[in-house]
Structure formats: structure tokens, C-alpha cells
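Subject: Model handover

Hi,

Here is the structure for your files. My notes follow below it.

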Amino acid sequence: MKIKYSELIDQTLYFPTEEFNVSENNLSFHDIPLMEVVEKFGTPLKVSYLPKISQNIQRAKGWFKEAFEKIDYKKNYRYCYCTKSSHFKFVIEEALKNDISIETSSAYDMDIVKSLYNEGKVDKNIEVICNGFKTDDYLAKISDMINSGFENITPILDNYRELDKLTESIDSTFDIGIRIASEEEPKFEFYTSRLGIGYKDIIPYYSQKIAEHPNARLKMLHFFINTGIKDTAYYWNELYKCLRVYARLKKIAPEVNSLNIGGGFPIKTSLNFDYDYQYMVEEIVSQIKKFCEEEGVEEPNIYTEFGSFTVGESGANLYKIISQKRQNDREKWNMIDSSFMTTLPDTWAISRHFIMLPLNRWEDSYERVFLGGLTCDSDDYYNSEQHTNAIYLPVFSDTKPLYIGFFHTGAYQETIGGYGGVHHCLMPQPRHILIQKDENGEFQYEIFRERQEPEDILKILGY
């Protein structure tokens with residue numbers, strides 16, 4: 001016997017949640033009436049809900065504040081937003097409302113900081129942590145900004161050459177950090193990260209090149225785990241190795257006062273998501289404090305660099321099911337009015353799973369389907385073989401349109417997908433809207449960028 005889609009969700013998932021609810025047969029996201037949005041702006045549609053950015057920053061700050069008070073941690077916590085997760089101006093401006101620092105990864109990020117300064121969005125006291133392998137252009141921009149009065153810019157040394165180049169071009173005393181080349185997960189294709197300086201090389205390098213340096217002051221040890229912050233033996237083992245380096249370094253370099261634990265918190269990719277943020281924060285802070293006490297060294301200021309956690313849950317992609325193809329007795333393909341490869345590239349590049357829900361028809365019966373994009377590529381799909389769960393949606397009908405949404409898509413998808421450029425099979429970039437709340441709690445909608453037109457794409461191609 002067929003049952004309603006809403007009953008299926010009630011039986012299999014935790015629903016409703018703080019983000020999602022259903023009213024009058026339609027889905028809402030942070031109370032945003034999505035079908036009203038679709039009727040107003042059409043599909044395919046990219047949505048950025050900006051208040052979620054500030055909400056997540058404040059959540060993380062609250063967790064660390066509580067942990068510091070509970071454990072009696074004496075130093076400070078600093079939240080950094082890593083711009084590579086989403087470089088959009090509206091994202092960074094929203095994040096900056098929350099007294100944060102910025103982490104950069106390329107020379108082009110420094111141009112963003114300059115632009116924000118020229119517009120009066122930040123002053124020269126803004127703290128910038130400069131990560132990544134540094135080209136001559138990147139190093140030159142770091143040096144120019146420090147020389148022009150940006151005193152809180154901290155380049156994190158990725159290799160030995162970078163300090164020499166900075167020394168040649170910076171006129172005054174400046175802070176630096178060192179990135180540890182952490183070991184990758186055992187299942188990874190190689191053993192050690194290509195970024196940073198090896199564990200065993202950091203102390204000798206400090207003694208030989210930094211200890212007596214006339215201008216450079218070592219401020220920060222930077223630790224980054226590619227998997228993010230997870231409660232696994234691998235993560236705790238790498239953190240422990242990092243703390244050993246910090247303790248040894250602190251004993252000969254008292255000026256080192258900060259530990260950047262890099263890596264990111266996970267975001268919800270399922271309605272059954274289970275992650276105890278508060279526990280992880282308390283455990284990290286507790287382990288750092290305990291280790292420093294045992295080693296007899298002063299505990300460090302703690303920095304984090306949260307990218308996906310900052311912006312990921314603010315994003316959504318909305319589509320219309322435009323047709324259904326029955327390929328055999330068992331497979332039904334619901335075709336969306338866009339492409340997964342171009343608008344959600346992580347679904348095929350790294351088999352990323354996002355929260356997917358229908359926007360309407362929750363009281364209709366359901367069926368199992370596969371989802372297909374409009375390009376001619378065989379990888380332009382989203383289904384249970386490539387991802388973790390089977391897909392069930394309200395039964396397709398030629399007379400009752402069905403709309404679906406992919407949620408928490410705000411990090412990386414636009415830059416990886418080549419936002420505003422040429423896409424596979426010339427699929428156009430969807431319209432992109434921003435949603436804010438005014439002082440009365442009313443939603444405010446703004447079109448950030450219109451849908452690409454064929455003429456725009458052909459012009460890029462030289463026609």
C-alpha cells in the first residue's frame with residue numbers, strides 16, 4: 001500500500017529540524033517559504049541565506065567560551081574564516097560582522113582584503129592568517145601590506161624559501177607562523193601532506209634561521225588535518241604530535257603564543273547527522289591544557305579556521321523535475337532543469353552527499369527514483385549507488401509539477417563549478433539570490449546575479 005511522502009520521512013528521519021519544516025504541504029528552510037521563492041524567482045535557483053553565517057560563527061564562539069570557562073583555560077580563542085570556502089563579498093561581509101579574522105590561501109585573497117579596506121569595511125588592524133604555498137606574487141602582496149601598516153598579517157611558512165623572500169622585502173619587524181606537514185590518513189595515496197614543514201624539521205629550522213632573526217618573530221604553530229575535526233584515533237594522534245612540537249618549541253621560543261588547529265567542523269549532510277560539537281571543543285581544549293601542564297609550558301591562544309562550517313549551511317540549490325524517463329522495469333530517472341556537474345560539482349567529483357528534499361507535494365504517494373542532470377555526461381547524476389541513501393520522491397506527474405532542493409551547498413560549489421564561466425555542455429549558471437532578515441524579522445530578497453544568457457556564454461567562447 002502506498003503511503004504519503006510525509007509519512008515516509010516521519011518513519012525514517014529526524015524531522016522536522018531547526019532548519020526544515022513543512023506547512024500546508026510545502027517545505028520551509030529557516031522559515032523561508034521555498035515554494036513562494038520558486039514562484040517569484042523560478043528554477044534552477046541558487047539561494048544564499050546570510051543570517052546562517054553569523055549564527056554558526058556565534059555558535060562556535062559560544063562552544064569555545066563555555067569550554068574555556070569550564071576547564072579554566074587562561075588564553076584566548078580566535079575564529080578565522082578561510083576565504084577559499086566561498087570568496088563572495090556578501091559572505092565575507094556577513095562573517096566580518098562577528099569580530100573574526102580571515103585566513104587566505106593565495107595572492108588573490110590579498111586583493112580581497114585590500115578591496116575591503118578601500119571600501120572602509122575593515123581597517124589596518126584586521127588579522128589575516130596567510131596560508132598555502134606562496135608564489136612570488138603572494139609574498140610580494142603580503143610584504144607590501146605589512147610595509148603599508150597592516151601589522152596583524154601573519155604569513156604561515158609553508159617552506160624554507162618563504163622566510164628568505166619575506167626578509168628581503170619587509171622593512172620592519174613582522175610575525176610569522178610555521179605550518180606542520182601532518183601525516184595523512186592511512187588510506188590516503190601518500191603519507192605526508194604536501195603543505196608545511198615536517199615535524200622533525202621545525203625545531204632545527206627555528207634554531208638555525210628564526211631564533212636570531214633580526215625582524216621575524218615566530219608567533220604561531222599551524223596544524224591542519226585534511227579530514228577535519230573528527231573524534232577518531234587518527235585525529236587525536238596527529239593533535240598529540242602537534243602538541244609535542246609546540247611544547248618543545250615553546251621551551252626555546254617563548255614568543256610562540258598561538259596554536260592554530262586548522263581543519264574544519266563538519267556540516268549536516270543528512271537529516272540523521274550526529275556530531276557533538278560541544279564535546280569535541282571541550283575535549284580539544286582539555287587535551288591542550290593537560291598536555292601543556294604536563295610539559296610545564298604556557299598554554300597557547302587557540303585559533304580555528306572554519307570554512308564550510310561558516311558558510312556551507314547557508315546555501316541551497318532549487319530545481320524543477322521537468323520529465324521522467326523509464327529506462328527499464330526498475331529504473332526511473334527524474335530529470336532536473338539543470339546539471340549536477342555544473343551546479344553541485346562535489347556530487348560527482350568526490351561523491352559528496354547533500355540533504356535533498358522535495359519542496360512541495362509532501363502529502364502525495366512516493367516512488368524510488370534516480371536523479372539525472374541535463375548534460376550528456378554519464379556522471380551527471382545523483383543516486384543511491386553513488387551516495388549513501390536511496391532517493392524517494394513524490395510520484396512524478398505531468399500535471400502536478402514537482403520541485404526539489406539540495407541544502408547546505410554554500411561552500412566550494414560555485415568556485416569549483418567555475419561561477420559565471422563556461423560549463424559542461426554550456427549549461428547556464430542559474431539565477432542566484434540572497435536572503436536577509438530585516439529588523440522586523442521579515443525576509444528580504446535580492447538578486448545577486450541573473451541566470452546566464454546564451455549570448456554571455458558564446459561571448460566567452462569568442463563567438
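A nonpolar surface patch is formed by V422, L426, L458, I460, L461 and Y463, with about 580 Å² of accessible area together. Patch residues have over 30% relative accessible area and no salt bridge; nonpolar side chains are joined within 5 Å, like charges within 9 Å. A salt bridge is a Lys or Arg side-chain nitrogen within 4 Å of an Asp or Glu carboxyl oxygen. Areas are Shrake-Rupley, 1.4 Å probe, with only the protein chains shown as cover for residues.

This is a predicted model: local features need pLDDT of at least 70, side-chain atom pairs pLDDT 80 or more, while totals for chains, interfaces and linings use all residues. Numbering runs from 1 along each chain as its sequence is written, and side-chain values use heavy atoms, without hydrogens or water.

L426 sits in the loop between helix 14 (413-416) and strand 20 (431-437). Helices (H or I, at least four residues) and strands (E, at least two) are DSSP runs, numbered from the N terminus. L426 counts as partly exposed because its relative accessibility is 38%; buried is under 20%, exposed over 50%.

Now strand 13 (residues 315-326). It pairs antiparallel with strand 4 (residues 45-49) over four bridges. Pairing needs at least two DSSP bridges. L45 has L318 as its bridge partner. Strand 19 (residues 402-407) is also antiparallel to strand 13, with six bridges. There, N317 stands opposite F406. Strand 14 (residues 332-336) pairs antiparallel with strand 13 over five bridges. A hairpin of five residues joins strands 13 and 14.

Best wishes

How values were computed. Buried < 20%, exposed > 50% of the residue type's maximum accessible area, 1.4 Å probe, protein only.
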